[in-house]
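Open your viewer and keep the selection panel handy. We will go stop by stop, with something to pick at each one.

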Amino acid sequence: MSSGRRTCLVALCLVCLGSLTWAGCEATSSSAPATPSGKTGWKVACTTGMVADVVREVGGSHVEILQLMGEGVDPHLYKASPGDVSILATADLICYSGLHLEGKLADTLSRLSRSKLTCALAEHLPKDRLLNSDSEGSFHDPHVWFDVSLWAETIEPVRAVLEKLDPAHAKEFAERAAKYRGELEKLHAECTEKLASIPKARRVLVTAHDAFRYFGRAYDIDVKAIQGISTEGEAGVKQINELVTFISEHEIKSVFTESSISERNMQSLIEGCNQRGHRVARGGELFSDAMGKAGTPEGTYIGMVRHNVEKIAAGLK
Ligand SMILES: [Zn+2]
């Protein structure tokens, strides 16, 4: 092979690599199937409700969503059932959140990504907008959906992978993506305004596990949690005692439970505060790693965010 031809091939590969990065999703050895495998649209397996919602909003009637994790399900601990494996194996496209959120599914997802069209939404976000989950910076905090302006950035990789799956409807996907982006921009402005109405000194959010760091950064709220970023591992007595001291000293009025996390630790925290003579109320249940029931407003991403923001604003004011 002449060196000129070799240079051309290298250049072509670089162009291909560039366009893959631009598309934001993995194009694997198997190209997209030519027609939908189901009568009701392309079968898209999605892990969490938040992921399913973006795909549904962009894909519209051209996708049939097969959602693995429903209401109240903790994605950090979720293991694939034999039924899930067959859903994943027969799907035309697999969408998941990524950044190790679905910790126990990671091997299955990475194996399938070698033979299937897949998209890990959060792994296509700009790295400089991600928070580290450990002091070494080797992992990123996966809870990106709590900053609405950041989650809106996952619309583009979803649009791109749907275009790859179904090029005939690319124009419709682009229009739907632009519309949804507009809705999320409005939602972000609404959250900013509502949370700014809490006096600065009272803007401290105490929750069961550390899912709200992006939320805290986006909306200028100090966040504290009993458990770490993943729900694997028990919260220590020392951690709970430190939080009891913090809450009592800062006279924080409310703490919040989460729909996908057990209440046991939160109960110990409240009792600890009571013993120190500081009464702390339950500010209500927040949706953290799972959305609400399908068919209710909280069963959508926008409804879930609104619910959380209203509860937090009411509990901390
Ligand atoms: Zn979490």
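Start by selecting helix H2, residues 49-59: Gly49, Met50, Val51, Ala52, Asp53, Val54, Val55, Arg56, Glu57, Val58 and Gly59 are buried here. Buried is used for a residue with 20 or more other C-beta atoms within 10 Å of its own; exposed is for 12 or fewer, partly exposed lies in between, and C-beta atoms are placed from the backbone. Eleven of the eleven residues of H2 are buried, so the helix is largely enclosed by the rest of the structure.

Two notes before you click on. This is a predicted model, in which local features need pLDDT of at least 70 and side-chain atom pairs count only at pLDDT 80 or more, while totals for chains, interfaces and linings use all residues. Residues are numbered from 1 along each chain as its sequence is written.

Now show what surrounds H2. Its buried residues pack against E1, E2, E3, helix H6 (155-165), helix H7 (170-196) and helix H11 (301-316). Helices (H or I, at least four residues) and strands (E, at least two) are DSSP runs, numbered from the N terminus, and a contact means C-beta atoms, placed from the backbone, within 7 Å. Just after H2, pick Gly60, which takes a positive phi of about 55°.

Next, the sheet. In which order do the four strands of this open sheet lie? The order is E2-E1-E3-E4, with parallel pairing; strands count as paired if DSSP finds at least two bridges between them. Strand E2 (63-67) and strand E4 (118-120) are the edge strands, each pairing on one side only. From one strand to the next, the twist averages 20°. H2 packs on this sheet, touching E1, E2 and strand E3 (93-96), and its direction makes about 175° with that of E2. Axes are lines fitted to C-alpha atoms, for helices over the stretch in contact, and angles run from 0 to 180 degrees between N-to-C directions.

Zoom in on strand E1 (residues 42-46), which pairs with E2 in the parallel sense over five bridges. Trp42 has Val63 in E2 as its bridge partner. Then pick Leu93: leaving out residues up to four places away in sequence, Leu93 touches Trp42, Val44, Leu117, Val161 and Leu165.

Leu93 also belongs to the largest nonpolar core, which has 80 residues; Val44, Val51, Val55, Val58, Leu93, Cys95 and Val158 touch the most other members. Such a core is a set of buried Ala, Val, Leu, Ile, Met, Phe, Trp, Tyr and Cys residues joined through C-beta atoms within 7 Å. At least three residues come from each of domain 1 (22-187) and domain 2 (192-316), with bounds from an automatic or database domain assignment.

Move to Leu205, in strand E5 (residues 204-209). Why does Leu205 count as buried? Leu205 has 25 C-beta neighbours inside 10 Å. Beyond four places in sequence, the residues Leu205 touches are Phe212, Gly216, Ile221, Val223, Phe256 and Ile312. Draw a C-alpha to C-alpha distance from Leu205 to Leu316: 8.1 Å in space, for 111 residues apart in sequence.

For the last stop, select strand E7 (residues 254-258), where four of the five residues are buried. E7 runs parallel to strand E8 (residues 281-286), joined by four bridges; Glu258 stands opposite Leu286.

Note on methods: Contact = placed C-beta atoms within 7 Å.
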